[in-house]
Amino acid sequence: MGKIGKLLVFLLLLILATVIAFSAFIHFYLTEDRLKAMLIPPAEKALGRRVTIAGIQAGLFTGVKVKGLAVKELDGQQDFAAVDTAVLSYDLWKLLQKQLAISEITLRRPRINIFRDRQGKFNYETLAVLQPQPKKTTSPATEPNKKNSPALPLAVTVAAIQLQGANFTFTDQRQQLPAVTGQADLKITSLRLGKTPAAWRYQGVLDLKVTAKQGQLQPRLAGRVKFDQQQLSYDLTITQEKEKLQVSGQVSDYFTGPTVIANLSSQALRLDYLASLAGAAGPAAAKNDRQSKPTAKPKAAGSSPAAGLPPKLVVKGKITIGQASYRELKIDDFQADYLFKNRILNINGLQGRLAAGLFTGQATVNLQQADPAYEGGLSLTNIQVNELLAMTAPAAAKMITGTLASKWTFAGRGTDSEMIKRHLSADGTYVIKDGRLQDIPATAMIASLLNLPSLEKIEFSTIDGNFHLRQGKIQLKSTMNAAELSARSTGTVGLDGRLQLPVNLTLGRELSRQLVRKYPWMKNLADREGRTTIDLQVNGSLSRPRVALNEKTTQKQVEKVIEKKLFEQLNRSLQKK
């Protein structure tokens with residue numbers, strides 16, 4: 001063996017002896033008791049809680065393995081957080097090259113229990129690490145120079161970080177917030193730490209199942225989230241008994257100015273069922289809120305509903321629902337695109353099938369101010385009025401039939417009913433074709449007043465007009481055309497159902513003859529073609545209308561007819577002379 005060979009053998013033996021010496025040092029010096037004494041006191045000081053470790057092992061090649069790690073509650077008995085097993089393994093050879101290459105960080109069955117007490121305090125708020133620290137005064141001589149601060153001496157990489165079988169719970173003794181339980185598995189790979197979080201590199205997968213409970217409302221969420229340093233993608237399913245909603249999309253630039261894509265889809269949703277569950281949960285939470293001592297600061301007056309959101313937040317996506325129902329109202333093939341940007345929500349491409357017809361629309365909601373402002377438009381095509389009424393007002397389903405088309409725009413401000421009533425405005429046009437009116441209180445009273453039973457059921461070709469909603473009142477202009485009559489009306493209908501509608505009714509020849517047989521004096525109101533025009537006044541309410549002759553206009557009509565007849569008679573007398 002040459003000199004070089006002997007030198008290599010000597011170096012190899014030296015390295016081997018060094019490794020054996022280090023291993024022996026770690027094995028005999030870093031005993032379990034010494035490791036506990038090194039780790040537990042500083043951890044308890046930092047957390048302000050009792051910390052227990054069931055067992056701990058350290059090896060030069062195997063890394064560190066901790067069993068039964070637990071952080072206790074303030075009572076020192078219950079677990080605040082716990083881990084069955086924590087493993088940290090590293091690459092020794094890279095460590096000698098000033099590279100901290102961690103091959104594995106694994107937490108098996110980590111658990112955390114969060115609760116809020118009756119005074120509104122969360123159990124994590126008492127952790128020492130979260131308490132405000134006293135400010136330290138430093139002289140210019142001792143103040144650290146950030147520009148000259150040395151970088152980390154080691155390049156840090158982690159091959160894999162895993163949370164296996166993680167469990168978390170949340171309970172609220174005030175019963176204002178839902179109780180939450182969840183399970184999760186997390187794996188992060190190829191983690192490389194840079195000087196700033198922006199320079200970090202990583203990718204990971206999170207599988208989770210979460211159940212929340214508030215009264216009868218008990219939604220479940222399950223799905224997978226994939227992420228790296230640039231974006232996060234997710235595919236989640238939310239269920240409430242038979243109701244199921246699919247939520248999928250991605251989040252990009254989530255550390256700076258997040259842009260969120262959230263697509264929502266469902267085959268069917270019963271909105272009334274969900275609203276009833278939420279309504280049942282709401283009063284209970286409100287009752288418990290009144291019975292509990294308030295601790296949170298009230299929302300600042302005049303603040304925007306979106307004030308707490310990141311200013312650069314952008315959320316967009318598409319909503320698709322096979323059938324959305326609210327009680328008897330059913331909308332099929334519902335679709336809408338939305339965009340939330342600069343605290344303004346835009347809804348476009350709103351469409352769906354309703355009552356055998358179609359509707360389309362768009363809307364904008366401005367959340368930059370305390371009382372949100374909104375505006376939009378809606379278009380209805382080929383809507384069957386009786387089917388629409390059957391879903392919205394079943395008692396009136398047989399009163400009106402026909403095919404409805406309408407276009408209208410709206411605008412308003414506020415969220416409470418009084419403010420909405422003051423500021424809501426709408427303008428639109430409408431036409432109903434080839435329909436029938438029957439058993440309507442107003443037409444029944446007109447038929448009774450004129451003693452014309454045939455008016456209780458009217459077959460019409462068109463009813464059209466326009467409307468303007470202001471200050472809780474609808475200014476209505478309408479015209480109806482039928483085979484034996486026509487009607488015009490310009491008046492108001494209140495959102496509370498109150499009526500102030502003058503009606504100009506023109507009867508055809510046959511109806512006019514029937515009217516004259518019962519009221520001979522009305523022959524004076526007929527024109528040359530034998531049609532009779534009557535001015536009526538409809539007041540009262542939609543359910544209890546009051547109908548009467550419009551005395552002023554009727555008197556003027558009679559006076560005008562009498563004047564005309566007297567003039568004609570006088571003219572004939574003069575011609576005879």
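Reader: With which residue does Asp79 form a salt bridge?

Author: This is a predicted model, in which local features need pLDDT of at least 70 and side-chain atom pairs count only at pLDDT 80 or more, while totals for chains, interfaces and linings use all residues. Residues are numbered from 1 along each chain as its sequence is written, and side-chain values use heavy atoms, with hydrogens and water left out. A salt bridge is a side-chain nitrogen of Lys or Arg within 4 Å of a carboxyl oxygen of Asp or Glu. For Asp79 the closest N and O atoms are 2.6 Å apart, and the partner is Lys72.

Reader: Is Lys72 buried or exposed?

Author: Buried means under 20% relative accessible area, exposed over 50%, and partly exposed in between (1.4 Å probe, protein chains only). Asp79, at 29%, is partly exposed. Lys72 has a relative accessible area of 12%, so Lys72 is buried.

Reader: Which parts of the chain does the pair of Asp84 and Arg109 link?

Author: The side chains of Asp84 and Arg109 meet in a salt bridge of 2.7 Å, N to O. Strands are DSSP runs of E with at least two residues, numbered from the N terminus. The pair is 25 residues apart and links distant parts of the chain: Asp84 belongs to strand β3 (residues 79-90), and Arg109 to the loop between β4 (99-108) and β5 (111-116).

Reader: How many residues apart are Lys318 and Asp337?

Author: A salt bridge joins the side chains of Lys318 and Asp337 at 3.2 Å, N to O. Lys318 sits in strand β13 (residues 314-326) and Asp337 in strand β14 (residues 329-341), a separation of 19 residues.

Reader: Which residues do salt bridges that share partners join with Asp84 into one network?

Author: Asp84 is partly exposed, at 28% relative accessible area. Arg109 is likewise partly exposed, at 40%. Through shared partners, salt bridges join Asp84 into one network with Arg109 and Arg111.

Reader: How many salt bridges does a search of the whole structure find?

Author: Side chains of opposite charge can pair when their charged atoms come close. The pair of Asp79 and Lys72 is a salt bridge, as is that of Lys318 and Asp337. Over the whole structure, the search finds 15.

Reader: With which residues is Thr462 in contact, leaving aside its neighbours within four places in sequence?

Author: Thr462 is found in strand β20 (residues 457-470). Its relative accessible area is 18%, so Thr462 is buried. With contact meaning heavy atoms within 4.5 Å, and those neighbours left aside, the residues are Ile432, Lys433, Thr479, Met480 and Asn481.

Conventions:
Helices (H or I, at least four residues) and strands (E, at least two) are DSSP runs, numbered from the N terminus.
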